[in-house]
Amino acid sequence: MKILCENVSKSFRTKRVLENISFQSQENCVAILGANSAGKSTLLKIFATILKPDNGSIEIDQIDVIKKPAKIRQMLSFVPENPSLLKELSPVDNIKHFACLRKLSVDPKQIMEKFSIPFTNNPVRNLSKGIQQRLMLAISLMAKPKLLILDEPTDGLDRESKQLFWKMLIKMKDEGTTILLSTHDEEEVLAVASYLIILDKGKVLFAGQVQNLPVGKFYAVQVEGTFPQNHILSNLNGKTVVLAKDEELPELVNQYKILNVKSIGLREIVELKNKHLL
């Protein structure tokens, strides 16, 4: 599925939330990474036709999202950060209810087995967030959408639930569903995404294929004294911060007095790459 986003901006009153967002992708999983208030949810809601941008354009498979929202809605399902389920009903009754609304004929048992949802008569409100997220995902996929939009799908989940959710997403994209998701979890990006957009205060910091990012773990290592090698990040008051790869750490520990070690995340890696330090 081809996605084309050009110069999309959005403000709420006097606050600029998105500013000239542009990217294009034909990858099967696009992740939008950013801190809270970076504009991730707003951009997803524009893609899902819930919000309209102040200016700019979005096309999905050459269909104009702003001008033809009804046509786009037939192609997509949107899963918000907080699952919009009927909390007093059981998982089976939720599946039946949403299937009826969409005039779909489904087998709740088959759906629940596929998404590892336990068979229970308990109301959804008594189930864990991980199960609620899987149930919402199952319901969203009943109509077999071409595009699945997920807003912070694993926020608040434990590690085991996250990994199960990631496996489901990988299977879905392998089966042909295009996934557009927002996250602040860098591990999630590396686990499922093939194209990455990093937002910072409503602007694009990076847009490109995940495979183009430097591979491996990097660290900012503060050592005492001077450091004769390249990739010095800073040097202040006799304390030098250097960029080191995972395999370089043992040698640094043997040769220098290490004051501090900090793991470098994707956003910092992109910034270092833009400064030609990586």
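Residues are numbered from 1 along each chain as its sequence is written, and side-chain values use heavy atoms, with hydrogens and water left out. Since the model is predicted, local features need pLDDT of at least 70 and side-chain atom pairs count only at pLDDT 80 or more, while totals for chains, interfaces and linings use all residues.

**View 1. An open sheet of four strands, in the order E2-E1-E4-E5.** The pairing here is antiparallel. Strands (E, at least two residues) and helices (H or I, at least four residues) are DSSP runs, numbered from the N terminus, and two strands pair if DSSP finds at least two bridges between them.

**View 2. Strands E1 and E4, paired in the antiparallel sense.** Five bridges link E1 (residues 3-12) to E4 (residues 55-60). Look for Ile3, whose bridge partner in E4 is Ile60.

**View 3. Helix H1 (residues 40-47), largely enclosed by the rest of the structure.** That's because six of its eight residues are buried (under 20% relative accessible area; exposed is over 50%, partly exposed in between, with a 1.4 Å probe and protein chains only). The buried ones are Lys40, Thr42, Leu43, Leu44, Ile46 and Phe47. After H1 comes Thr49, with a positive phi near 65°.

**View 4. Lys201, in the loop between strands E9 (195-200) and E10 (203-209).** Lys201 counts as exposed, at 72% relative accessibility. Lys201 and Leu4 are 197 residues apart in sequence and, C-alpha to C-alpha, 21 Å apart in space.
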